[in-house]
Amino acid sequence: MIEIHNLFKQYDHKPLLNGLHLTVTKGSVVSLIGPSGSGKSTLLRCINGLESFQRGYISVNGQLLYGIHEQSHNEIQRDRQVKNIRLKVGMVFQQFNLFPHMTVLRNITEAPVHVLGVSQAEAESHAASLLQQVHLEGKAHRYPGQLSGGEQQRVAIARALAMKPEAMLFDEPTSSLDPEMIEEVLAVIKELVSEGMTTVIATHEMGFARDVSTGVAFLDKGEIVEHGHPKDIFSSPRHERTRAFLSRCMK
Amino acid sequence: MNTHQSIFRYCALFLVCLSLFCFSTKNSFAYQNTLKKIKGSGTLIWGFDAEGGAPYVFHDVKHPSKLIGFEVELAEAIARELGVKVQCFQNAWDSILLSLQRGDFDIALNGIEITPDREQSVLFTRPYYAYAEQIVVRASDNRIHHLEDLHGKKVGALYNTVARRMLEEMGDVSVSTYSGQVEPFKDLCLNRIDAVLVDLPIASYYAKPNPQLRLVGSPVGEGYYGIAVRKEDAALAGELNAIIERLMRNGELKKIYNRWGLWNTAQEKLFLSEGLLQKYTECPPAASEKTPPAVITFLPTLLKGAFVTIGISLLSMMLAVGLGLTLAIMRLYGNVWIQKISTAYIEIYRGTPLLIQLYILYYGLPNIGITLSAFTAAILGLGMNYAAYEAEIYRAGIQSIPGGQTEAALSLGMSKRLTLKRIILPQALRVAIPPMTNDFIALFKDSSLVSVIAVVELTKSYSMLASASMNFFKLGIVTALLYFGMSYPLSLYARKLEKRLKPHDRNP
């Protein structure tokens with residue numbers, strides 16, 4: 001479903017992604033773990049077209065996105081393909097990024113109505129079922145500023161789901177939450193995963209990575225150092241760097 | 001409720017203080033005997049406005065630091081007769097009598113028509129020049145021959161002059177009022193008006209040498225210029241009267257007027273005895289009653305001015321908002337060249353005075369074939385100037401919205417355009433409202449600047465009425481209240497709007 005081939009990205013002569021390969025099959029759940037600045041967020045943002053990269057390509061369901069230094073790169077084609085990818089892949093941010101001037105309901109219906117051309121009524125009934133799914137019935141007419149961090153992040157998930165994506169990208173969805181709210185957000189993601197949603201999640205929640213994901217990729221310095229089944233990565237990591245990181249995390 | 005009450009209380013307190021100040025200082029500037037002071041100090045301080053122009057008092061083009069004009073020569077002759085030197089005091093013509101009363105100078109000598117209104121506040125000497133009003137038209141125009149032909153026409157006049165009052169009393173003349181003497185003739189050449197009615201000396205000096213223009217009909221509405229002194233300076237007035245008579249008898253006055261091409265047979269009336277001169281002004285002044293007219297009689301004119309002010313402000317603000325937003329978006333999202341164009345526009349419009357921009361729009365553009373009406377030029381001038389400020393406000397507003405908002409919108413598949421329209425601008429607007437309100441109130445008051453291009457708005461109406469009636473204080477308060485009455489609701493509305501658009505916090 002998502003294929004990443006030999007991805008290179010540098011910024012200011014500093015390499016951020018360094019020849020990275022990753023394949024995410026349909027229905028799988030891949031957790032990206034690794035220290036801050038290892039490239040987890042950058043990778044997710046590249047998939048979504050929020051950041052460009054120099055070399056390699058990303059393929060999402062056949063939509064190809066080439067690095068800007070690749071011969072096959074085409075500026076005009078890129079814009080169209082980025083848009084196609086964004087319609088297939090939903091994204092949830094660390095900072096929620098809800099639209100503060102809109103109610104919860106409008107946050108969710110805005111894109112379906114104005115991008116997909118869905119009728120307001122249809123969008124609203126879909127939004128209602130999504131709010132139920134993220135356990136936020138009754139909050140439809142609140143504004144983001146009136147919600148807790150955990151509630152806001154669950155709205156952000158509902159907002160991304162409203163576009164009926166085939167895959168979801170989570171960029172450290174619980175990193176700016178108070179500990180008591182982390183669980184409610186993870187619970188929603190777990191439910192989503194159990195329904196078969198293809199998911200890539202950058203996270204510091206090792207318990208979640210170990211218990212929920214079908215694959216774990218350990219990133220360091222822009223490379224995937226190790227990629228495998230969660231059991232293998234957590235119980236018998238092959239690389240020294242993975243071991244060092246995990247032992248620091250488990251303390 | 002509370003804030004309203006306290007605001008009105010403060011206003012009332014302010015007005016009381018202001019009026020106390022005015023009454024207590026009323027006479028403190030006046031000298032007991034100005035004549036004695038002049039002789040003692042050896043200088044006669046002469047008030048005039050060189051901006052009024054030729055042939056009265058103006059700067060010599062060849063030696064710009066030197067003042068010339070028939071009144072300069074007259075003032076020098078008078079000073080010589082008094083045995084003193086002239087000291088010049090430049091003062092805006094509109095407020096020349098007010099400054100005389102304040103004691104800024106000893107005499108006001110600057111084509112001041114003797115009218116009963118003015119005689120209520122100052123003392124005039126015997127006349128030193130007999131003027132009449134002259135009609136000027138385009139050389140090619142054969143429609144106008146007499147004063148009566150001006151009915152239904154668009155006619156230019158200098159403001160606060162007898163000519164303007166004559167035109168207004170004709171009822172159906174649409175009067176364009178100017179403060180400079182050059183501008184009405186320019187507008188006449190540009191077909192913006194059909195005729196100009198001005199004092200004969202001005203017509204002789206400016207229109208006669210211009211082949212595009214023609215003087216028609218015989219002069220109408222005769223009157224006299226006199227030298228104004230303070231009411232209590234009867235002694236000075238007596239001395240000046242004697243001097244004027246001496247200058248007339250010895251032919252010096254005629255010599256001066258001849259040099260400026262101003263002598264005509266009408267001047268012989270000046271030789272009449274003072275008793276006969278009492279019946280001077282042919283044109284009855286609007287308010288000649290002994291008691292000064294109540295402020296209420298001026299209200300319709302002031303309200304008319306206020307409507308013009310509101311119209312100009314609203315239309316130019318709409319232009320400023322639209323153009324400003326376009327400029328901000330060009331500067332933020334355009335390619336290099338579009339960004340440069342926007343930046344250049346903003347810098348040029350912010351870096352040059354609005355007054356000059358207005359002059360260029362109104363008097364400069366006709367040189368390249370674009371002739372705008374005064375109202376259009378006023379709206380374009382104000383709107384284009386304020387657009388530069390609005391653009392920067394919007395740019396700051398847009399930039400204050402966190403990048404995460406754009407990313408979230410894009411990740412949902414929104415286009416850049418849709419993101420800007422539905423996500424960024426609504427939030428940026430909220431940030432921009434307080435500085436926008438500020439700007440709108442400033443524009444509101446800056447709209448008074450457009451009076452330089454013959455638009456009569458509130459401030460212009462005020463200054464015309466005030467200098468005609470010498471009632472600067474009361475009319476000033478009324479005008480200020482009108483401005484306040486227009487801008488305060490605006491502030492209230494902006495505050496309400498801001499509240500409505502406020503981000504909704506956790507505890508509403």
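Me: Asp211(A): buried or exposed?
Reply: Asp211(A) is exposed, since its relative accessible area is 58% and the cut-off for exposed is over 50%. Keep in mind that this is a predicted model.

Me: What does Asp211(A) form a salt bridge with?
Reply: With Arg210(A); the closest N and O atoms of the pair are 3.5 Å apart. Arg210(A) is partly exposed, because its relative accessible area is 41%.

Me: Where do Glu51(A) and Lys9(A) lie?
Reply: Glu51(A) is in the loop between α1 (40–47) and β4 (55–60) of chain A, and Lys9(A) is in strand β1 (residues 2–11) of chain A. The two are 42 residues apart in sequence, so the pair ties together separate parts of chain A.

Me: And is Lys9(A) buried or exposed?
Reply: Lys9(A) is buried, because its relative accessible area is 8%, and buried means under 20%.

Me: Which residues are linked with Arg45(A) in a network of salt bridges?
Reply: Lys9(A), Glu51(A) and Glu407(B). The network therefore has members from chain A and from chain B.

Me: OK, the interface then. How many residues of chain A and chain B are in contact?
Reply: 28 residues of chain A are in contact with 20 residues of chain B. Together the two chains bury about 2,100 Å², and 58% of that is on carbon and sulfur atoms.

Me: Which three residues supply more of the area chain A buries than any other three?
Reply: Phe99(A), His101(A) and Gln146(A), which supply 24% of the area that chain A buries against chain B.

Me: Why talk about area for an interface?
Reply: The accessible area lost when the parts come together is often used to give the size of an interface.

Me: How many salt bridges cross between chain A and chain B?
Reply: Two. Glu110(A) and Arg422(B) meet through their side chains in a salt bridge of 2.2 Å, N to O. As for polar contacts, six residue pairs between chain A and chain B are counted.

Me: Which elements of chain A supply at least two residues to the side that touches chain B?
Reply: α2 (75–88), β6 (89–92), α3 (104–116) and α5 (149–161) of chain A. α3(A) gives the largest share, five residues. By class, that side of chain A has 15 nonpolar, seven polar and six charged residues.

Me: Changing topic: how many residues are in the largest nonpolar core?
Reply: There are 106, and the members that touch the most others are Ile78(B), Tyr128(B) and Ile453(B). Helix α3 (residues 70–82) of chain B contributes eight residues, the largest share.

Me: What does the second core include?
Reply: That separate core has 46 residues, among them Leu7(A), Val60(A), Val82(A) and Ala428(B).

Me: And chain B as a whole: how many helices and strands?
Reply: Chain B has 19 helices and twelve strands. Of its 508 residues, 50% are buried. Among contacts in chain B with a separation of 6 or more, 73% are between residues 24 or more positions apart.

Me: I clicked on Asp141(B). Where does it lie?
Reply: Asp141(B) sits in the loop between β7 (129–138) and β8 (154–158) of chain B. Asp141(B) counts as buried because its relative accessibility is 7%. Apart from residues up to four places away in sequence, Asp141(B) touches Asp194(B) and Arg214(B).

Me: Last one: which helix is Gln133(A) found in?
Reply: Gln133(A) is in helix α4 (residues 120–133) of chain A. Gln133(A) is partly exposed, because its relative accessible area is 27%. Not counting residues up to four places away in sequence, Gln133(A) touches Leu161(A), Glu191(A), Leu192(A) and Glu195(A).

Note on methods
Residues are numbered from 1 along each chain as its sequence is written. Chains are lettered from A and ligands numbered from 1 in the order in which they are written. This is a predicted model: local features need pLDDT of at least 70, side-chain atom pairs count only at pLDDT 80 or more; totals for chains, interfaces and linings use all residues. Side-chain values use heavy atoms; hydrogens and water are left out. Helices (H or I, at least four residues) and strands (E, at least two) are DSSP runs, numbered from the N terminus. Buried means under 20% relative accessible area, exposed over 50%, partly exposed in between (1.4 Å probe, protein chains only). Contact means heavy atoms within 4.5 Å. Buried area is the accessible area (1.4 Å probe) that two parts lose on being put together, summed over both. A salt bridge is a side-chain nitrogen of Lys or Arg within 4 Å of a carboxyl oxygen of Asp or Glu. A polar contact is a pair of N or O atoms within 3.5 Å; within protein, one must be able to donate a hydrogen and the other to accept it, and residues adjacent in sequence count only if both atoms are side-chain atoms. Ala, Val, Leu, Ile, Met, Phe, Trp, Tyr, Cys and Pro count as nonpolar, Asp, Glu, Lys and Arg as charged, and the others, Gly among them, as polar. A nonpolar core is a set of buried Ala, Val, Leu, Ile, Met, Phe, Trp, Tyr and Cys residues joined through side-chain atoms within 4.5 Å.
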